[in-house]
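I opened my notebook to look up a few residues one by one. Here is what I looked at.

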Amino acid sequence: MKRVCVLGATGSVGRQALEVCAAAPDEYRVVAVAARRDVDGLRALASRHRPALVGVADESAARAMGALPEGARMVTGEGAAAELAAHGEVDVVVAGIVGFAGLLSTLAALRAGKTVALANKEALVVAGEICLQAAREGGAIIIPVDSEHSAIFQVLGCLSPSAGTCGHDRAEIDRLIITGSGGPLRLLSVEDLARVTVAEALRHPTWSMGPKITIDSATLMNKALEVIEARFLFGVAPERIEVLIHPESLVHSMVEFVDGAILAQLGDHDMRGPIGYALGWPRRRPLAVKRLDLTAIGKLTFQRPDAARFPCVAFGHEALRRGGTAPAALSAANEVAVAAFLAGRIAFPVIAAIIEETLSAHAPRSADSLDAVLDADRDAREDASRRIARMPA
């Protein structure tokens, strides 16, 4: 039986991971759950899954938690998630904390040699080499949960991206093709994008996700981050990683080999699929997910993203080209700009403008230490915040 820790337990990925565990009680036991401040949600999850450890990052929220189920222990403070991730009673860590906030707990799990079901793409984006080094030294295994990287992982027959071992020699790979739905705004004109409301940007046509990730999908910034993540996960040169828009969200990504063959992974747009694969790896276990009816699909369409309307999609390649701490600056600027849009402080197209200006102004440094990454993140956040503050209301 695998003992599972779910970080970001009250978020979309966290809740679905817990559903997968609950559906297979003979396979998984939830031993730890953590969230930042959603004590009502965490209390309900703790009551249902009865973990031994409950982590709450926000101290004031922790005081409102109340009584835990019998035998459970609370861990509080900013280091709570990292403590749970490295705990000796944990086998698999679902890294479901959104954004840069998930980096330290992901590193703790890797250093402790856990199997990490990685849903937090920013950890590899901002500190890819550091994370892979931690995995090698700790003997950890990284199984991607993003549907796109899960698809590539499955196609390549990977044993462990952190160890650099795959069923296919990298010399056989010609291209990684990352697909994306195009988000809720893919058909709008440049003029219409300027008038997009928060509610419209959050209305994703196929996936159910948290607000930050949904806005990333609307700007196509998620594809930029996924290009960087794929670079570190699979060791493929950036120029061999391509993005295609696929509105049906059924082909989750593809690999083209040097002989011209393209292999794809298909499935319904349900995150329980890649979550279940990551939890069950290296075995495939039964999942109660919708099966594709290939006769009912009708057609599968693909198109290149429109850079004029969605400039963010190119930022991942640009950050990799600049190297060093540029991806960390990119991710930080995006988090600040998305938060400003969700708060109604900037218009939708300004998200891309803030990211581009912040990335251009950033002077990349070597990203070989955690301090360098933390400094780059802080500097980029301050720069992006200043740019937003100078904008007219």
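I began with a term: buried means under 20% relative accessible area, exposed over 50%, and partly exposed in between, with a 1.4 Å probe and protein chains only. The model is predicted, so I noted that local features need pLDDT of at least 70, side-chain atom pairs count only at pLDDT 80 or more, and totals for chains, interfaces and linings use all residues. Residues are numbered from 1 along each chain as its sequence is written, and side-chain values use heavy atoms, leaving out hydrogens and water.

**Glutamate 248.** I found glutamate 248 in the loop between β9 (241-245) and β10 (251-257). Strands are DSSP runs of E, at least two residues, and helices are runs of H or I, at least four, numbered from the N terminus. Glutamate 248 is buried but has no salt bridge. A salt bridge needs a side-chain nitrogen of Lys or Arg within 4 Å of a carboxyl oxygen of Asp or Glu. Lysine 299 is the nearest side chain of opposite charge, 5.7 Å away. Lys and Arg count as positive, Asp and Glu as negative; His and the chain ends are not counted. I listed contacts next (heavy atoms within 4.5 Å). Leaving out residues up to four places away in sequence, glutamate 248 touches Thr206, His269, Lys299, Leu300 and Thr301.

**Leucine 300.** I placed leucine 300 in the loop between α13 (294-297) and α14 (315-322). Its relative accessible area is 36%, so leucine 300 is partly exposed.

**Threonine 325.** I saw threonine 325 in the loop between α14 and α15 (326-342). Threonine 325 counts as buried because its relative accessibility is 0%. Valine 125 is 200 residues away in sequence, yet 9.7 Å from threonine 325, C-alpha to C-alpha.
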